[in-house]
Amino acid sequence: MKRHPTGTPQNTSSLTGSDLITTLTERANIFLFAYSPQFKSLLSWSENAFSILGVKDVEIARDGNLFLRHVHPDDRYLLMTDLEQALSGKREYRATYRWIRPDNNEVRWLHCRAGMVQYSDGGIFEGFLVDLSDEFTGAIGQLAGPDSVGTILSAISTLV
């Protein structure tokens with residue numbers, strides 16, 4: 001934002017949809033996706049899969065089960081139970097779980113919000129993943145107050 005000589009703020013550029021997606025994916029570590037249960041593959045995704053998940057987006061697109069192989073073993077059962085209900089369209093999907101990056105075996109905390117969207121040619125599971133590892137394990141996770149993890153998660157819209 002630039003200020004007019006009179007001191008009034010002037011908007012010199014508009015934030016387009018692609019600019020907003022770039023800001024969310026690069027600065028907020030959010031991975032956007034659309035998954036087809038019918039084809040067991042990603043149909044579309046943001047370009048930051050490797051930075052968040054430690055795996056190339058092409059590998060995820062080719063193999064939908066890759067996701068489950070890298071979820072922490074202690075989190076798989078609950079995650080799968082909730083995911084099956086969400087993929088059947090019975091409820092929205094909300095899960096926080098540990099992800100083991102295949103490139104360096106680092107454990108990351110991910111939060112996912114997604115849901116089935118029905119189209120004429122079938123349902124698509126659309127949503128996002130956000131890497132909350134720094135909030136759970138870093139200095140921010142030790143602080144109480146408006147930026148606590150609970151506050152952050154409650155501020156994320158329930159609609160995807």
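**View 1. Confidence and overall composition of the predicted protein model.** The mean pLDDT of the protein is 76, and 71% of its residues reach 70 or more, pLDDT being the predictor's confidence in each residue, from 0 to 100. Over residues 1-13 the pLDDT is below 50, and this stretch has nine contacts in the model beyond near neighbours in sequence, where contact means heavy atoms within 4.5 Å. Residues 140-146 likewise have a pLDDT below 50, with eight contacts beyond near neighbours in sequence. Where pLDDT is low, the predicted coordinates should not be read in detail. In this predicted model, local features need pLDDT of at least 70 and side-chain atom pairs count only at pLDDT 80 or more, while totals for chains, interfaces and linings use all residues. Residues are numbered from 1 along each chain as its sequence is written, and side-chain values use heavy atoms, with hydrogens and water left out. The secondary structure comes to seven helices and seven strands, taken as DSSP runs numbered from the N terminus (helices H or I, at least four residues; strands E, at least two). Buried residues make up 36% of the 160 residues, where buried means under 20% relative accessible area, exposed over 50%, and partly exposed in between (1.4 Å probe, protein chains only).

View 2. Strands β3 and β4 (residues 41-45) run antiparallel and are joined by four bridges; two strands pair if DSSP finds at least two bridges between them. Tyr-35 has Leu-42 in β4 as its bridge partner. Four residues lie between the two strands of this hairpin, and Lys-40 in the turn has a positive phi of about 50°.

View 3. Eight bridges pair β5 with β6 in the antiparallel sense, and Tyr-97 has Leu-110 in β6 as its bridge partner. The hairpin of β5 and β6 has six residues between the strands, among which Asn-105 takes a positive phi near 60°. Strand β6 is also joined to β7 by ten bridges, again running antiparallel, with Ala-114 opposite Gly-127 in β7. The hairpin of β6 and β7 has two residues between its strands.

**View 4. The largest nonpolar core and Leu-53.** Of the 25 residues in this core, Phe-31, Phe-33, Leu-53, Tyr-93, Tyr-97, Phe-125 and Leu-129 touch the most other members, a nonpolar core being a set of buried Ala, Val, Leu, Ile, Met, Phe, Trp, Tyr and Cys residues joined through side-chain atoms within 4.5 Å. The elements that give two or more residues to this core are β3 (30-36), α2 (49-53), α3 (57-62), α5 (76-87), β5, β6 and β7 (122-131). Leaving aside neighbours within four places in sequence, the contacts of Leu-53 include Phe-31, Ile-60, Trp-99 and Leu-129.

**View 5. Asp-103 in the loop between β5 and β6.** Asp-103 is found in the loop between β5 (93-100) and β6 (107-119) and counts as partly exposed because its relative accessibility is 38%. Beyond its neighbours within four places in sequence, Asp-103 is in contact with Phe-50 and Gly-54. The C-alpha atoms of Asp-103 and Leu-53 are separated by 8.7 Å, although the two residues are 50 residues apart along the chain.

**View 6. Asp-82 in helix α5.** Asp-82 is found in helix α5 and counts as buried because its relative accessibility is 15%. Leaving aside neighbours within four places in sequence, Asp-82 is in contact with Arg-91 and Tyr-93.
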